[in-house]
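Subject: Structure for your review

Dear colleague,

Please find below the structure that I am handing over to you.

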Amino acid sequence: MAGRVTGPTDVSLVEAPVTFKAYLMCAFAAFGGIFFGYDSGYINGVMAMDYFIETFEGLDPVTTPPEDFVIPSWKKSLITSILSAGTFFGALIAGDLADWFGRRTTIITGCGVFIVGVVLQTASTGLGLIVAGRLIAGFGVGFVSAIIILYMSEIAPRKVRGAIVSGYQFCITVGLMLASCVDYGTENRTDSGSYRIPIALQMLWALILAVGLFLLPESPRYFVKKGRLEKAAAVLSRVRGQPVDSEYIRQELAEIVANNEYELQVTPQGGYFNSWFNCFRGNLFSPNSNVRRTVLGTSLQMMQQWTGVNFVFYFGTTFFKTLGTIDDPFLISMITTIVNVFSTPVSFWAIERVGRRPLLLWGALGMVICQFIVAIVGVTDGQNPKAVSAMISFICIYIFFFASTWGPGAWVVIGEIFPLPIRSRGVALSTASNWLWNCIIAVITPYMVDKERGNLGAKVFFIWGSLCACCFVYTYFLIPETKGLTLEQVDKMMEETTPRTSSKWKPHTTFAAEMGLTEKAAEGGMVEKAEESVVEVAKQDV
Ligand code: BGC
């Protein structure tokens, strides 16, 4: 890299203590996860509800034989996957909106779009409207799911950034569980409330998030990107709970500004398409090139879907029904979502203590073992009630491994690996990849497992197990350790290490020092100027 100063300089970045307010702000932003989880989860139970099948298939419950009282595979797959299709496009567009109008505005807009989609779904009594409603709601979820990660990673203090982004995953799991509980509560109703209640309830989550976000500040890194340093400093001062002219705020701002300047220098600027093209610039084999990071983020999210977790959450109820000896498949489905919720907090501690890389490695290993056990028990003794109980137990242990590792880990890492000039697009592309694969899996799964199609039954776990083995190898070779570093240090670490040596890397210089920003500041340069205007802005509170 031309012009880089690589010798050690002063790296003692002072960091503000993490305040309760900082936690509270991030915890609130994590709330966005609830409707991601709820919206993707409610459909699992709804499609197995008698009243829903009767209405949407136009069947007479008295004269239709039980084996015909089902939704055909193609419809199940369309209804389930159309949400992820909408979300895919929503997430892609959201990256641009977040750079143009701000992270916060994009999330609030996402909530509005989502509500429109939910209204259509609630009103639906046939395929057309529910599909249109899920497509539109998907756009909203795309906005929110891509930009919340960006927003949280950008405002969270570095020491707890992983834990805080894991909080988002925790909310996803709570959303899934709530959806499953509400489905369980309404499934026996003999009126349209059976499916309309679970659908309509989602508006509440969107309203709470949108109203709450009005009260939160915009991301300081967005303001830096826009060149509005005084605003950036004022927001930093607010989220760190420190005076705007304190050493904490000065240093953090200087580092963000310097990193952005550096990245702008090494990344060619130009029009709209050029800025998209920047995400794919560089050499794929160089660990810090933009293209490498984009491929890393998108493939990590793809691998997260390949773990097969959504097979359990989207099709669990239908799968448990096929095991024959289970009395209440809805209950088992609900239990898997409860295990998911209660296992996620393990990651709050582990992700900061153990690190991202070991967590993903151990998680993949645990999932491989569980899935192969489920598959082997299923094919050897699948109809024996004791074997079925063992299968369900191992599915729950598998969920434990997912929830405490890959669930949060994939989101944490994509929030950290992109430099500021391409961060919003990089995170958006990665999130879009999550939804694309989510969609592909939702489309093909019914064809793989349904009796009248592939009829794989429990054998499908051989596929998920093998894919989890790929996740292990993938992590070993490609995932760097980002624990404990500022986003700007992550940028440097990726430049100077390979994934396998990354955990030993220690910061040895700052961008501010390299860009000469500290000297400029001393001479009354950028940071100093920012500070002058900051006092004014801080008074108005951002
Ligand atoms: C995944 C979702 C999944 C959920 C389960 C998320 O991290 O992206 O697809 O449904 O975890 O908790």
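A polar side-chain atom of Gln304 lies 2.8 Å from an oxygen atom of the ligand. Please bear in mind that this is a predicted model.

The surroundings of the ligand

In total, 15 residues surround the ligand. The closest of them are Gln169, Gln304, Gln305, Asn310 and Trp411. Sorted by class, this shell has nine polar and six nonpolar residues, with no charged residues.

The ligand sits in the second largest cavity. Two or more residues of the shell around the ligand come from each of helix H7 (161-186), helix H14 (290-306), helix H15 (309-322), helix H19 (385-416) and helix H20 (420-449). Among these, H7 gives the most to the shell, with four residues.

The cavity that holds the ligand

The structure holds five cavities of 30 Å³ or more. The second largest cavity contains about 150 Å³ of space. Its lining is made up of 17 residues, and those nearest its centre are Phe36, Ile172, Val309, Asn310 and Phe402. At least two lining residues are supplied by each of helix H2 (32-46), H7, H14, H15, H19 and H20. Which helix gives the most to this lining? That helix is H15, with four residues. By class, the lining of the second largest cavity has eight nonpolar and nine polar residues, and no charged residues.

The largest pocket

The largest pocket holds about 570 Å³ of space. It is lined by 18 residues, and Phe69, Val70, Lys76, Thr318 and Lys321 are the closest to its centre. Helix H3 (50-57), helix H4 (73-100) and H15 each give two or more residues to this lining. The largest share, three residues, comes from H15. The lining of the largest pocket divides into seven charged, seven nonpolar and four polar residues.

Yours sincerely,
A colleague

Terms used: Residues numbered from 1 in each chain as written. Predicted model: local features only at pLDDT ≥ 70, side-chain atom pairs only at ≥ 80, totals over all residues. Heavy atoms only, no water. Near = heavy atom within 4 Å. Polar contact = N/O pair within 3.5 Å; in protein donor to acceptor, adjacent residues only side chain to side chain. 1 Å grid on protein atoms, 1.4 Å probe; cavity = no way out; pocket = protein on both sides within 12 Å on 5 of 7 lines; lining within 4 Å. Sits in = over half its atoms within 2 Å of the grid points. Nonpolar A, V, L, I, M, F, W, Y, C, P; charged D, E, K, R; others polar. Points joined across faces, edges and corners; volume = space filled by probe spheres on them.
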